[in-house]
Number of protein chains: 2
Amino acid sequence: MANEKFVSQIADIETDFPQWYTDVVIKTKLVDYGPVKGTMVIRPYGYAIWENIQKEMDARFKAAGVENAYFPLLIPMSFMTKEAEHVEGFAPEVAVVTHAGGAKLEEPLVVRPTSETIIGHMMGKWVESWRDLPLRMNQWCNVMRWEKTTRPFLRTSEFLWQEGHSVYATGEEAERETQNMLRLYEEFARNVLCMPVLVGRKTEKEKFAGAVATFGMEAMMHDGKSLQAGTTHYMGQNFAKAFGVQFTGSDGTLKYGYTMSYGVSTRLIGALIMTHGDQRGLILPPPVAPVEVVIVPIAQKKEGVLEACNALAERLKKAGIRVKVDDSDNSPGWKFNEWEMKGVPVRIELGPRDIEGGRMTVFRRDTLEKGDGYSLSDAEEIVAALLGQICKDLYAKADARMKERIVGADTLEGLLGGVNGGNFVRAGWCGERACEDKVKEFAQATARVLDEKNDMPTCVCCGKKAKHTVFFARAY
Amino acid sequence: MANEKFVSQIADIETDFPQWYTDVVIKTKLVDYGPVKGTMVIRPYGYAIWENIQKEMDARFKAAGVENAYFPLLIPMSFMTKEAEHVEGFAPEVAVVTHAGGAKLEEPLVVRPTSETIIGHMMGKWVESWRDLPLRMNQWCNVMRWEKTTRPFLRTSEFLWQEGHSVYATGEEAERETQNMLRLYEEFARNVLCMPVLVGRKTEKEKFAGAVATFGMEAMMHDGKSLQAGTTHYMGQNFAKAFGVQFTGSDGTLKYGYTMSYGVSTRLIGALIMTHGDQRGLILPPPVAPVEVVIVPIAQKKEGVLEACNALAERLKKAGIRVKVDDSDNSPGWKFNEWEMKGVPVRIELGPRDIEGGRMTVFRRDTLEKGDGYSLSDAEEIVAALLGQICKDLYAKADARMKERIVGADTLEGLLGGVNGGNFVRAGWCGERACEDKVKEFAQATARVLDEKNDMPTCVCCGKKAKHTVFFARAY
């Protein structure tokens, strides 16, 4: 009954997924709305997920030899205009500082929407010789893009992200890094977020403003829509020429460098919520869950119960597991609901009879399976194995759903039917912008990424010979 | 001879300390100037120090039960004016966003100089009952204060920091937390930065705009000037009343909460440079040094040398020590100079004869002592012990200098002579603002903190009975 009450607070996941999402992120205290329209406050439970994402991602960057740095928030307006496509893409959504220190500024300053320009400027200052290359840096920071329609984590005027920027002596190296970072993101999505993704090249229409080529990873949300979860960009010499990133080669001649960049953001939190969640609320992948195991005492006022719960928590902590004992005054049923909604992967219930028998009851949030009689003395091994199994199962479930929901289409009507049914649609495309625009107009679907396997014979729109095979979908 | 060349690139530390500082931070690539006046770029070597500071500080906050969160960068201008003293203190130095998304904003938005107002607003939304208290949060973020005179790390228009904000049901609890966090900072300064500090209450003139009381920690720089290295603030109900942070007490009545805040910033990097550095450049405290041990191969082209260096590095890494092998083409002498300037605490030199004899040569950056014949097989223990000893010695050296350079004064002339000689001056003060202003005018010295030991009988300025004993100093 208590359970019913909780469930009723969250909108139906099948019939009103947008409201389900809002209910879940607000009620679980991941996030709240900021006072300025379109801004969000990331609350401790949400920020702890971001910290885990950062920790895992940052370790991968460091292992790959990338170093962190920090570049200024404010960018001179004149920098934005140095790369023609870049300013066209970003100018409409920048926030501008016009006054500071009580006076009007001589030149307006843009709050960074992304940092290619200012980092390009500094690279131009730092790079002199081929010996200085490659230069590979990353920064964790806030960025701002003034958006009309916003949703917590998915699209807000300010968000947190990492942006990596590298400059190489040759285009081949920069292109290779663009691929390497895409693979790093894919591996991260799989192993840390337990989230399958499609990766591939973006169309000209969908690429980053100023890039030669953009590559993305796309994840399928519960409602069958796609979410762009990370991108990598090969810039060629566009930004190097705009900002004078030149070096003396080993042959003594002056050359421009080749740059690339890559980024993921707090949007990943939205992605994992909409990939794994169910009617009861969040289902957090263990590698990023702020609490991996919650221990709920049963009859907690009975002698020895809380002590046993705390002792178990200490043992799990020592084994490197993030654990919490809920010793609040609430009833066990209330606690079950609360922590299920908050998506804690594993719950252990421990009462006087369990303790006496050296046993514990274990509940899996993802499958809702509950079993008693687990050996208390083997808790570390049991929990570690279970967390690992949950990762695998979460991935497998999401992967099976995505594969089931990728359908082919030869016609616009088929494509429309596919996306209406909550699918990604795999279809041929002639490569013309007009056909891409037509698909958008007809089916409100966009080209998410090009498939490496290029086997569709004809364009889904014009029927001419296909140049690419594309994953089309509605997208967040 | 090579050494001479290096040394000559850095201005004299005794006769031109400001230029010494600039030379060191730029030449060691800790930092560079950003394109907008007063901004800095924190380069990888500098940012790695900040990451180590963050890691150590964040672990302390988490152990104390403080949770991280993230609040928006942009604050409505109207928020700033809700606390009268606060707006007076910060309005002159804020940067203001007036346009965004291609249109003029209805209300200008302030780039946060500090977040009491916006966090107060959210606390007002979140706190309802005494059960919600205390609420203790921290954020790691960028802030902006438009300064006229700027210097990298010490004073820049944008800097990175942490700001902790708590709300309690009673003033006693909030005051206690203000003290606890001051002690946490003091312990951090001692054990992580190897830096002695004076802690105590600030005068009304020097307190945070909007606080009831501010407490600070002050460190003595190489030139005898003081640097404010961290502050904690007790706000009473000032911000709670301004932002409606009210809760229903256990007795059923509605009350205002009591808030406090605390912060340290990238300024700490400036502090440790100016505390420990010498004529050769940086001397980094091991707990925050990006590289704790550099291994320099001698005759590195000889068979087995690089292999032995790399094997040693692997062993030290496994022991949790941050280590780097410099296998570049530069000469050993060049490498010695480079890493001495960059302040790496320990250098190990390893050549064919050392390897054959199972020995290594060890150099201490802080004392410039070098010894050969250290057992290679005991490297982990030897290096770990040495790093610990360096911490202790760095602290002891700085502490002895600070204690030597705290002098007493009974008159303004005595105070002036004291600060002219590069000292902190301990003197009585009647508590009147006029006398504090007079000291500033006469000796260009400010009241850094009040001493808990209050034993000076008369005011250094007016000669009346002293109310406080104050540490006066010139300050950064």
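Where is the place of A:Gln444 in chain A? The place of A:Gln444 is the loop between α15 (433-443) and β22 (446-450) of chain A, where helices (H or I, at least four residues) and strands (E, at least two) are DSSP runs numbered from the N terminus. The views below show a predicted model, in which local features need pLDDT of at least 70, side-chain atom pairs count only at pLDDT 80 or more, and totals for chains, interfaces and linings use all residues. Residues are numbered from 1 along each chain as its sequence is written, while chains are lettered from A and ligands numbered from 1 in the order in which they are written.

View 1. A:Gln444 has a positive phi of about 50° although it is not a glycine, and A:Gln444 is exposed, with 12 other C-beta atoms within 10 Å. A residue is called buried if 20 or more other C-beta atoms, placed from the backbone, lie within 10 Å of its own, exposed if 12 or fewer do, and partly exposed in between. B:Lys29, likewise not a glycine, has a positive phi of about 60° and sits in the loop between α2 (17-27) and β1 (31-33) of chain B; with 13 C-beta neighbours inside 10 Å, B:Lys29 counts as partly exposed.

View 2. The peptide bond from A:Leu133 to A:Pro134 is cis, with omega near -5°, and A:Pro134 lies in the loop between α6 (116-126) and β7 (135-144) of chain A. In chain B, a cis peptide bond joins B:Leu133 and B:Pro134, with omega about -10°, and B:Pro134 is found in the loop between α6 (116-126) and β7 (135-144) of that chain. Most residues other than glycine have a negative phi, and most peptide bonds are trans.

**View 3. The contact of chain A with chain B.** Chain A gives 40 residues to the contact and chain B gives 40 residues, two residues being in contact if their C-beta atoms, placed from the backbone, lie within 7 Å. On the side of chain A that touches chain B, the largest share, 6 residues, comes from strand β5 (residues 95-100) of chain A. β5(A) and strand β5 (residues 95-100) of chain B pair in the antiparallel sense over 5 bridges, where pairing requires that DSSP finds at least two bridges between two strands. Within this pairing, A:Val96 stands opposite B:His99 in β5(B).

**View 4. An open sheet in chain B.** The sheet is formed by 5 strands in the order β16-β15-β17-β18-β19 of chain B, with mixed pairing; its edge strands, each pairing on one side only, are β16 (323-325) and β19 (370-375). Strand β18 (residues 359-364) of chain B and β19(B) pair in the antiparallel sense over 4 bridges, and B:Tyr374 in β19(B) is the bridge partner of B:Met360.

**View 5. Helix α13 of chain A.** Helix α13 (residues 379-404) of chain A has 26 residues and reaches 37 Å from its first C-alpha to its last, close to the 38 Å expected at 1.5 Å a residue, the expected span being 1.5 Å times one less than the number of residues. The buried residues of α13(A) include A:Val383, A:Leu387, A:Ile390, A:Leu394 and A:Ala398. An α-helix has 3.6 residues a turn, so residues three or four places apart point the same way.
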